[in-house]
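Open the model in your viewer and keep the selection tool ready. Each stop below gives something to select and then what is there.

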Amino acid sequence: MTTTTVRERPLSRRGVISMGAVLGSSLTLVGCGNDDGSTPAEPAGSGAGGAFPVTVEDKFGSVRIAKKPERVLSLGRTDHDVLLALGVVPVGLWQFIPTMKRGVGSWAEPSLGGKTPTFLKPPFDFEKVASLAPDLIVNVQSGGDETEYRTLTDIAPTVGLPGDAAANTVPWRDSTKLIARAVGRAAEGDKLIADTEALLKAAADRNPAFAGKTVSILLAFGGKVGVYTTGDTRMQIVSALGLKPSEYVTGLGEDTYFVELSAEKTGEADADVVILLSQQQLPLAATLKQYPQIAEMKAAREDRLVFPADPSVGLALSSASVLSIPYAVKGLEPLLREALA
């Protein structure tokens, strides 16, 4: 095995996700200090360029990647988008949405070329993982389960949940930076981040009417309704467009990314504009008939409900990656503009 993992004492930093201007967190990945408390200088090959060995930090310690990985396995929910944006086609990935026949969203399919990775889903079949012979596993957009992580590291070096992130809510900039460093493409990762930030800023600048208007993002699923919190990447992306979380959403805090709403509480999530996502690919009228608590919201009655007809727009917003964000913004921008006119 040409690549090894160095396990150190787990980092103890509390998961923090900031509601900054772009997706949220602008926290950088911080390496462990020396035993005397000082911070070591960044060694050659630490991920600043394309040289190896590379050492990165995750929730569980240091991961040393001795040689450029040739067979990268993507197990994080949307880690494959980052890899594909960097020109790395993973040997396998978590097929998060069954309708994605090639395992990725329409925004990412061109980056696959002629390849279709092997599909996996949690709880992961570790024998199947081993059969793919990965020399690097990325599991960044994950639940951060330590038992799973340790088992994966027995198969190949594994980059897991960042120490400064909560489970399943890793800001897109942090996941891009971490994965890019791990595959020796830090400079390309930084450019992807800069380009995505510029795209979001341009959209906000084009739409000054968005500034300060409140927003809630609802999910209709299985007869139930829930709302995404400020700790979720979806809310962080629309906030980058100038919108601000509704008072109800702000009051939920960031300790979880999603809160189920009772029929009686759904109206409290009303806002200047409400974005409605649905697990069922039904027209808006049919969706509102199935979910009358949403139909009764003021935003729905006053045509300030945004419901993308293209289901890939909602999926792109949910994926929240450097590949999907441009697709989501392109689809949402005209709908938001119309709703707030």
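Predicted model: local features only at pLDDT ≥ 70, side-chain atom pairs only at ≥ 80, totals over all residues.

Step back to helix H7 itself, residues 233-240.

**Aromatic rings**

Next, select Phe221, Tyr228, Tyr257 and Phe258. These residues form one aromatic cluster. Zoom in on tyrosine 257 and phenylalanine 258. Their rings make a tilted pair, 6.3 Å centre to centre, with 35° between the planes. The angle falls between the limits of 30 degrees for stacked and 60 for edge-to-face, so the pair counts as tilted. Colour tyrosine 257 by accessibility: the residue is partly exposed, with a relative accessible area of 35%. Across the whole structure, a search finds seven aromatic pairs.

**Two helices side by side**

Now show H6 (residues 186-206) and H13 (residues 324-339). What is the crossing angle of their axes? The axes cross at roughly 10° and come within 10 Å. Angles under 35 degrees count as roughly parallel, and H6 and H13 are therefore roughly parallel to each other. Display the side chains at the contact. From H6, pick Thr196, Leu199, Leu200, Ala203 and Arg206. From H13, pick Ile325, Pro326, Val329 and Glu333. By class, the contact has six nonpolar, one polar and two charged residues.

**The sheet**

Switch to the cartoon view for the strands. Five of them form an open sheet with parallel pairing, in the order E5-E4-E3-E6-E7. The edges are strand E5 (118-120) and strand E7 (158-159), each pairing on one side only. Inside the order, select E3 (residues 72-74) and E4 (residues 92-94). This parallel pair is joined over two bridges. Which residue of E4 is the bridge partner of serine 74? The partner is leucine 93.

**Last stop: alanine 130**

Finish at helix H3 (residues 126-131), where alanine 130 is found. Alanine 130 counts as partly exposed, at 38% relative accessibility. Draw a distance from its C-alpha atom to the C-alpha atom of aspartate 154: the separation is 9.4 Å. Along the chain, alanine 130 and aspartate 154 are 24 residues apart.

Note on methods:
Residues numbered from 1 in each chain as written. Heavy atoms only, no water. Pairing = 2+ DSSP bridges. Helix = DSSP H or I, 4+ residues; strand = E, 2+ residues; numbered from the N terminus. Buried < 20%, exposed > 50% of the residue type's maximum accessible area, 1.4 Å probe, protein only. Axes fitted to C-alpha atoms, helices over the stretch in contact; angles between N-to-C directions. Parallel < 35°, antiparallel > 145°, perpendicular 65-115°, else oblique. Contact = heavy atoms within 4.5 Å. Nonpolar A, V, L, I, M, F, W, Y, C, P; charged D, E, K, R; others polar. Phe/Tyr/Trp six-rings, centres within 6.5 Å; stacked < 30°, edge-to-face > 60°.
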